[in-house]
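Here is a short report on one protein model. Read it with the sequence and the 3D view side by side.

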Amino acid sequence: MALKNYYDVLQIPPTAPADEVKRAFRLQIARYHPDKVQHLGKEFQTMATDRATELTEAYRVLSDEGRRAEYDRTFAESGGHPSAVAASAAPAAAGAQPSAGPAPPSPAAKEAAPQTGPQFKQERASRDEFVRKATVSRVRQALAAVGGDYDETELHGFDMACVPKSKMFGRSKNPRLLGRFVSRLDREAIADAWTDAAKWGDAKKDDVCILLMGTALAPAGELAGEIADQRRKSRGARLTLIPVDARVWDAHMPLDAPAIAKSLMARLKKGA
């Protein structure tokens, strides 16, 4: 049975102090709380339960000094983090004679193999994909709940692209809606989303609202500055970009945001 790398599970370094362990656990477990996924399909709910179980076990081990020291020793024997082991074992080793060499791995450690490298990258990618799908699914459900009269289409680079349904007389007042999930929402993410959205239809004729969602956001000032820069560069384009913290559905809502975007975010915030 493979030995789980609990530091990678909580996304913390092996030297992280107890308060950082607690902080990382609380931040991540909140994403998989049953209330956050109760409106999603059973597949997502099962994935969230498995992830929450994994986080809880990692916290149980790393938050206890004794369990953590034993885990570090076993993990090191299987090729894990030597720096963490040295820090954990130092107090117990005070006054002891130096070892003639590394202790041979225990039978259990021989069978244990830390989840690092390509395998762990694949697991992390799977978790990121789960968060992306769950986030976009919540937005689609909220849009339907607020009566958004839209047809969904496809646009390369975006997780969702919606156009107002055609009306018999006149044009819909609602803008086109685009949604994109990014692992980190920063200046670069805003610039990329803005550039890609501007290619959709006639940017100076059609109103387009972009929901740029992420679970790690740069400071608000940085986001606002980049949006202002993009507006200056594409003067005349009818684009609105709304940065959204998908963990709690907080949105940096501009004053001129379309009504459908405000209603959509209020619905998401209410269900958070």
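Leucine 223 counts as buried, at 1% relative accessibility. Buried means under 20% relative accessible area, exposed means over 50%, and partly exposed lies in between (1.4 Å probe, protein chains only). The model is predicted: local features need pLDDT of at least 70, side-chain atom pairs count only at pLDDT 80 or more, and totals for chains, interfaces and linings use all residues. Residues are numbered from 1 along each chain as its sequence is written, and side-chain values use heavy atoms, with hydrogens and water left out.

Leucine 223 sits in helix α10 (residues 220–233). Helices here are DSSP runs (H or I, at least four residues), numbered from the N terminus. Leaving out residues up to four places away in sequence, leucine 223 touches Leu185, Asp186, Ile190, Leu217, Ala218, Pro243 and His252. Contact means heavy atoms within 4.5 Å. Glutamate 188 is 35 residues from leucine 223 along the chain, and their C-alpha atoms are separated by 9.6 Å.

## Two nonpolar cores

A nonpolar core is a set of buried Ala, Val, Leu, Ile, Met, Phe, Trp, Tyr and Cys residues joined through side-chain atoms within 4.5 Å. The largest core has 44 residues. Leu10, Ile12, Leu62, Tyr71, Val139 and Leu143 touch the most other members. Helix α8 (residues 117–145) supplies the largest share of this core, 7 residues. Apart from this core lies another, of 19 residues, and leucine 223 is among them.

Valine 139 touches Met160, Leu211, Met213, Trp249, Leu264 and Leu268, again not counting residues up to four places away in sequence.

How far apart are the end C-alpha atoms of helix α11? They are 19 Å apart. At 1.5 Å a residue, the 13 residues of α11 (residues 259–271) should span 18 Å, so the two values agree. The expected span is 1.5 Å times one less than the number of residues.

Ile260, Ala261, Leu264, Met265 and Leu268 are buried in α11. They cover an arc of only 125° around the axis, which puts them on the same side of α11. The arc is that of the directions from the helix axis to the C-beta atoms. On the other side of α11, Ala259 and Lys270 are exposed.

## A buried arginine

Arginine 51 lies in helix α4 (residues 42–62). Is arginine 51 buried or exposed? Arginine 51 is buried, with a relative accessible area of 5%. Its side chain makes a polar contact with the side chain of glutamate 54 (2.7 Å). A polar contact is a pair of N or O atoms within 3.5 Å; within protein, one must be able to donate a hydrogen and the other to accept it, and residues adjacent in sequence count only if both atoms are side-chain atoms.

Technical notes. Helix = DSSP H or I, 4+ residues; strand = E, 2+ residues; numbered from the N terminus.
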